[in-house]
Amino acid sequence: MPRYDFKSIESRWQKYWEDNETFKAGDPSSATEKLYVLDMFPYPSGSGLHVGHPEGYTATDIVCRHARMNGRNVLHPMGWDSFGLPAEEHAVKTGTHPRETTEKNIGTFRRQLKMLGFSYDWSRELATTDEDYYRWTQWIFLQLFDTWYDAEHTWTGPDGEQRVGRGRPIAELPIPDDVAAAGDEAVRRYQDKRRLAYISEAPVNWCPGLGTVLANEEIVDGKSEVDGHPVERVALKQWMLRITAYADRLGSELDALNWPESIKLLQRNWIGRSTGAEVDFYIGTESFADWTSARGQQGWPEEASDDVLRVYTTRPDTLYGATYMVIAPEHPFVERLTTAEQSDAVQSYCRAASLKSDLDRTELAKEKTGVFTGSYAINPVNGQQVPIWVADYVLISYGTGAIMAVPAHDLRDFEFAVTFDLPIVQVVKPPESWEPSKDEKAAAAEVNGEQMTPFSGRGTSVNSGDLTGLPTDELKQKITAQLDDSGLGRSAVNYKLRDWLFSRQRYWGEPFPIWHELDADGNPTGLMRADEPAELPVLHPHMDDFQPTGTPEPMLSKADDSWLYKTAEDGTRLKRETNSMPQWAGSCWYFLRFCDNKNGEAFIDPALEKYWMPVDLYIGGAEHAVLHLLYSRFWHKVLFDRGHVSCPEPFHQLVNQGMILGDTDYSLTADDYEANAELIAERGLDPLRIRTDDGERVALRNPSDDSTKYCPLKDDQIEKRGRSVFLKGTELQLSGRTDKMSKSRRNVVNPDDVVKDYGADSLRLYEMFMGPLEQVKPWSMKGVEGVHRFLGRVWRMVIDDRAEELALHESVSDADPTADQLRVLHKTIKAVGDDIGKLSLNTAISRMMEFTNFMSHEDVRPKAVLQPFLLLLSPFAPHIAEELWAAIGNTDTLAYEPWPQYDESLLVEDTIELPVQINGKMRAKIQVASGLDREATQAAAEADPAVQKHLAGGNVVKVISVPGRMVNFVVK
């Protein structure tokens, strides 16, 4: 019996597509319009895909298949973001080389993606761990190392847009005369400080357990996201990338992109541009008067000297209200400013602060903590001494790591001042209409026996010397100008965005193509040399021991001397950089390499870059809304500035698919479980303890031989009583909820299981039918069963499932379509095409279901109607569409068949149904010709027997006849 055998159908067509390279991108030399569609680079984990992953992949596949049928040259590639800690942690535990683990995981992901029938151009496949890929990652790093940012350079790019600010070769950096006169070494050190890739001693998140530095986003509750190891803050010399130089362009050039406004806002907030002033508070030993006099003559120094604490403030108008200063626990002046009496307290405080994350120290901090250094600074506007405190609510990574505290007009400073009984001086008078905000009211406290509320808004200055009485905005400008004239401050722009920490201390990352010069004693001089491009790639050294060193000394420092050292032609002894690049590196530019992944001479052919870039549609999870996208845009802009790419932005349109949650899980409180454990055991249910925001709960699951398989309670195991849910046949009340899929909750659904039971087309179709692409949606196996039944109806609409051999249904023929069939077909063609264009893929499926319901009841089903429908279905369920296309009599794949076009004239109904009302109440429905005028519509209504019955004996005083809409008789 030729039933819908999805297993044989899907494997057969997947082999056909692979053997024939059906989806290989076409020749760019043709005049065909291109479409470059990209999925966000997946990390190939050992657990493989879960059903949340294919959601975005299915959407891009539908777009690509539709575009090919509309004659576009489509590039739809896939590859692997394959460096990273998980594979190395596996190596630590098992001794298996990370490359072996990585390639095994890639094999699993590749098999699963091919199993789902995605139309990727597999000839473009790449992995960041491929030597011929990370050769060019290292080459791009050398471009960053060779670039400085000229913020004042005005230029016009290949896109025709004029810009201010450009990354330029380091050889074009102007060298001051005094530096040039000091010789070659001084020039090199001057250049190294200004490169986009530079080394800096920075406070970092050091994880001894993993043996590496972690980014903030890799830490959860003060512990590593991988395996939950404690993290502490220490100062280390690290590679940094000067992304802050591009902060303005990264913010302003978002405007032209077709991205969700919410994502643009997230990026702008992350960049955090603000305008204000930099101000120096004096901490030197000479007289304050002598220092201010010298500053007035010399002007503002570009770099802060050791005799000042430089602060950045958005409110220079409040300088007269600065009553203390705070420096971050990591500030380099902490030890110097701490007096002997305060030494123990300060050291103890700084140690405690090193164990907190930035989030714990700022957003999550409920109480203000701090310690007095014992030292004072001098406020430059009034010459008053202010105490210097150390407090962890100030981060070394923001501004200068030091702040002037104005407690009367800053909520954090107010809370701190109240806690430690520090002076609070009002310097801004609120407007008469001022009402404290919710946060201001919450901060209010008793100060010197009186209730005081901080005011953080704009008003009129008080207690501000000769500047008293000025409005806030005017005072800001005036005091900044005075500071600038006296060399004590200057106007400045600041960003929340920090330079990118670009070092890791592990093995499984790209080695840096950098050498450090050594002196005669083998110690680094601080001078560096880069590998020549022809010497790339710098390969990993062979290692058998993957255990971290246990210290900040990187893993690669354990390599053989033959890898670590060499002597340059000029006799200088060199040591290779032993940090490795973070996982972010390879994912910053993969979209470029996909365009030209076999090129051994350049990272991309300029002609291919110009043809394929930018990416037309980029779909991925919102969790990458900031960092990956920001980092990629930064690298791309550097390459644009240096003339290596022709477009300033890599991704034209961005869409974030919503998260797919687990199926409905039924649970009970831990106490209820303990009281009913015996009953639950009798039912053969498997309890799983889960931590939630509401405390610990126990989820009830069905038992399974596979501990990883998700088996929630089924409908026949529960019963609803009103709004409550109970375990069937008991008084045990359950709570139903859906959660993010995760291994810890054991609610991950493996696509292998779904495909085994229902087929790839069912999985694809269900993922798109669940709801709008951008929304969060719960998984439901009942939903998969529903779309599988729909595909069965499509099969039976064309195939006779009662025949012994494969044969068309007896109603399928070469007959001419009826008017109704043509109308339904062309309405479906229009709706599905429009919906694909809007990525409203769930409604497109609904349209095809309506068509199937209609045609399944037709006694004659013309091929001329069925064939266009199969073309509409093919982007969504390509395997069954190909099979039925062949069954109807076609010999070639439908992948490049022209997309059906609709006839506007066939969308118009011949007849329409109109409601007829008597005094506003519907009394009948009539069939009339489409386009009938008012008088004829009224006459048709009057002729209807049901209407005549209701009009009998009454007096029609008014008739409201709206053609195509309704008729209403007003009767007395």
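In the predicted model, Asp-814 is exposed, with a relative accessible area of 65%. The side chain of Asp-814 meets that of Lys-863 in a salt bridge, with an N to O distance of 3.7 Å. This pair links distant parts of the chain, 49 residues apart: Lys-863 belongs to helix H28 (residues 863-873), whereas Asp-814 is located in the loop between strand E36 (812-813) and helix H26 (819-837).

In total, 54 salt bridges were counted in the model. Another of these joins Arg-12 to Glu-883, whose closest N and O atoms are 2.6 Å apart. Because Arg-12 lies in helix H1 and Glu-883 in helix H29 (residues 878-887), the pair ties together parts that are 871 residues apart in sequence. Arg-12 is partly exposed, with a relative accessible area of 39%. Glu-883, at 11% relative accessibility, counts as buried, since the cut-off for a buried residue is under 20%.

A further salt bridge is formed between the side chains of Arg-633 and Glu-649, with an N to O distance of 2.7 Å. Here, too, distant parts of the chain are linked: Arg-633 is situated in helix H21 (residues 627-641) and Glu-649 in the loop between H21 and strand E27 (654-657), the two being 16 residues apart. Arg-633 and Glu-649 are both buried. These two residues also take part in a network of salt bridges, in which they are linked with Asp-159, Arg-163, Arg-249, Glu-253, Lys-637 and Asp-641.

Arg-3, Lys-7, Lys-709 and Lys-756 form a positive surface patch.

Strand pairing was examined around strand E29 (residues 665-669), which is mostly covered, with four of its five residues buried. E29 runs antiparallel to strand E34 (residues 733-737), to which it is joined by three bridges. Strand E31 (residues 695-701) is likewise antiparallel to E29 and is connected to it through three bridges. Ser-667 has a partner in each of these neighbouring strands: Ser-735 is its bridge partner in E34, and Ala-699 stands opposite Ser-667 in E31.

How values were computed:
Residues are numbered from 1 along each chain as its sequence is written. This is a predicted model: local features need pLDDT of at least 70, side-chain atom pairs count only at pLDDT 80 or more; totals for chains, interfaces and linings use all residues. Side-chain values use heavy atoms; hydrogens and water are left out. Patches are made of residues with over 30% relative accessible area and no salt bridge: like charges are joined within 9 Å, nonpolar side chains (Val, Leu, Ile, Met, Phe, Trp, Tyr) within 5 Å. Accessible areas come from the Shrake-Rupley method with a 1.4 Å probe; for residues, only the protein chains shown count as cover. A salt bridge is a side-chain nitrogen of Lys or Arg within 4 Å of a carboxyl oxygen of Asp or Glu. Lys and Arg count as positive and Asp and Glu as negative; His and the chain ends are not counted. The place of a charge is taken as NZ of Lys, CZ of Arg, CG of Asp or CD of Glu. Buried means under 20% relative accessible area, exposed over 50%, partly exposed in between (1.4 Å probe, protein chains only). Two strands pair if DSSP finds at least two bridges between them.
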